[in-house]
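Okay, thanks for making time. I'd like to walk you through one model, so let's get it up on the screen.

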Amino acid sequence: MNYVSVENVAKSYGMLQLFEGVSFGINQGQKVGFVAKNGSGKTTLLKILAGKETADAGEVNYRKSLKVGFLDQEPDLASNLTVEETIFASDNEVLQVINNYEKALQNPEDTEAYQAAFEQMDALQAWDFETQYQQILFKLKLSDLNKKVGDLSGGQKKRLALANLILGKPDLLILDEPTNHLDLEMIEWLEAFFASENLTLFMVTHDRYFLERVCNHIIELDEGIIYNYKGNYSYYLEKREQRLETEAVETGKAKQLYKKELTWMRRQPKARTTKSKSRVSGFDEIKERAHKRRNSHEVELEINMERMGTKVVELHQIGKSFDNKQLFDQFSYNFKRAERIGIIGKNGTGKSTFLHILTGNLVPDSGKVVHGETIKFGYYTQGGIKAKEGQKVIDVIREFGEYIPLQKGRKISAQQLLERFLFDRKKQYDFVEKLSGGERKRLYLCTVLIQNPNFLILDEPTNDLDIVTLNVLENFLLDFPGCLIVVSHDRYFMDKIVDHLFVFGEGETGIADFPGNYSDYREYKAELDAAPKEKKEITKPTEAKVIEKTTSSKSNALSYNEQKEFKKLEREIVELEKKKENLQQSFLKDLDAEEIKKNSIQLEETEHQIEKKTERWFELSAQLED
């Protein structure tokens, strides 16, 4: 069933043409990811779909009575309402019934109102929805329902708008960067929710794992042309690569044909009228195909990094608290050259505070921070670029100098540097305020990197960047020779870039050092969560069976030696489980490569012993059952 048809839609701002002739459809049950480069007008197209902006040309046709919900990057919420009032202001009838029921619970003396509200809940089968409503608020950490919207942070407003959208139960959800301002736990919950629910989605997101696990359809706007891919993100990447290879072959053929036609055209005297008119008229088309070039330059970054000495940064027993809440305490760490650390943890666990202490912008309550003499920080913050009014893109870069040093004594001009950051000469003279969100982020990243840091800190660098730019940034960071710290909720980005993590809100100091990337950490946490359950299955049934069987004639099913073995296995399995847990915890400490290897071998041997002894325990247990 078709929900929306977009037909030949165009939009421009002044001389800037964002897109034209764009056509596609959205059908019921489709979960569509929309992919395009920064500056292509992704957010504008979403707003046109949601009815927030009008197209210059073309039509957007909706199925009759279709209810559309839109999540903007900067939600427009009534600041005078509370969180609860905002949610219940929805036109969802079930939410109104739940609101009446909760009010009735607060006035139990009015039995008539309570009975009416109870019957309404039954009539609309609102009980399950009430449970879902409470779960969504809990998962998005919107516990203070009486707080005014005007007092919420930007991230809280985005989460409230997201909760409102989901609870409103629209037929079509249009989402602009839904994972921005969510921590990793929230992102994984939202991902599972969207993947499992029978919803129709159309969204823009830079989160490639989200695209992979949620979407069943990808629409790409590339060089002004729409391409449809009926599959998830991996399928899209595969088919897109095939398309580009085909285009390259066709362009090659067109070039050969162009050379042939050009020779023919040159041979013909201008005065002759016997030329094939169709061949002449077709020459321009062949020429255009032969000269077709993809506007997909890659950023080439060869910034000449400042030399780094033997001492990088040392943290000695640092601690910090805010409002009587201890964020971390007695944390020590010596950074080594070329370290690549990812920082994760729930909101409010002290990640930004830690970075400010690390860079010397904030003093710890206890302990000290020692910087090496040669260390030069490059700090990319969430605040973004602060350009002066009327400032042009080229002027932002020229504030740092006309020329930038590269490796091997070379240098490039500010203009050339911007071109490498995908800003062509025309774009360089645009005013900064005209740039899209992603383009402003790219410009800001450029200003951080050209200052030649050897210790780079990136706080949520992937927000608002398109996937093309993300791939370019990742390739640069993989080759960056200095120290690197990344705070990001982009799991794909973290998996590709970092090799160990600081996990905030865990460990004795409030910061645990985990050897591995984000997926390694999630796998480790899943094993830890499962370990107590495995232990219960081994020890509790064993104790129950020992008590039961020793008082039963069924114990005769085991010989004396087997009964001794049975009891011994119970003790050994418990001890091995403890050893396994201690070995797993050891990986959170600062180990060298040799210790990690040694502990990994021990952990593998321990798990093998547990498996072997548990299997024998089940054999003996089965005999007792006979």
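Predicted model: local features only at pLDDT ≥ 70, side-chain atom pairs only at ≥ 80, totals over all residues.

Before I get to any pairing, the rule: two strands pair if DSSP finds at least two bridges between them. The elements themselves are DSSP runs numbered from the N terminus, with helices being H or I of at least four residues and strands being E of at least two. And what holds paired strands together? In general, strands of a sheet pair through backbone hydrogen bonds, either parallel or antiparallel.

Residues are numbered from 1 along each chain as its sequence is written, and side-chain values use heavy atoms, with hydrogens and water left out.

Let's start with β10, residues 313-322. With β11, residues 325-334, β10 makes an antiparallel pair over six bridges, and Leu-315 sits opposite Tyr-333 in β11. The hairpin of β10 and β11 has two residues between the strands, and Asp-323 there takes a positive phi near 50°. β10 also pairs with β13, residues 366-371, again in the antiparallel sense, over five bridges. In that pairing, look for His-316 opposite Lys-368 in β13.

Next, the open sheet. How many strands does this one have, and in what order? Six, running β5-β6-β7-β3-β8-β9, with mixed pairing. β5 (68-71) and β9 (225-229) are the edge strands, each pairing on one side only. On average, neighbouring strands are turned by 15° against each other, direction ignored; axes here are lines fitted to C-alpha atoms, for helices over the stretch in contact, and angles run from 0 to 180 degrees between N-to-C directions. Inside this sheet, β6 (172-176) and β7 (201-204) pair in the parallel sense over four bridges, with Asp-176 opposite Val-204 in β7.

Two helices to find there. α7, residues 184-196, packs on the sheet, touching β3 (31-36), β6 and β7, and its direction makes about 125° with that of β3. α6, residues 154-167, lies across β5 and β6 and runs at about 165° to β5.

I'll stay on α6 for a moment. Its 14 residues reach 20 Å from first C-alpha to last, close to the 20 Å expected at 1.5 Å a residue, where the expected span is 1.5 Å times one less than the number of residues. Is α6 mostly covered or mostly open? Covered: eleven of the 14 residues are buried, meaning under 20% relative accessible area with a 1.4 Å probe and protein chains only. Among them are Gly-155, Lys-158, Arg-159 and Leu-167. The buried residues pack against β5, α2 (83-88), α3 (93-106), α5 (127-139), β6 and α7, contact being heavy atoms within 4.5 Å.

Finally, the whole protein. We're looking at 20 helices and 20 strands, and buried residues make up 47% of the 626 residues. For contacts between residues at least 6 apart in sequence, 67% join residues at least 24 apart.

How values were computed:
Buried < 20%, exposed > 50% of the residue type's maximum accessible area, 1.4 Å probe, protein only.
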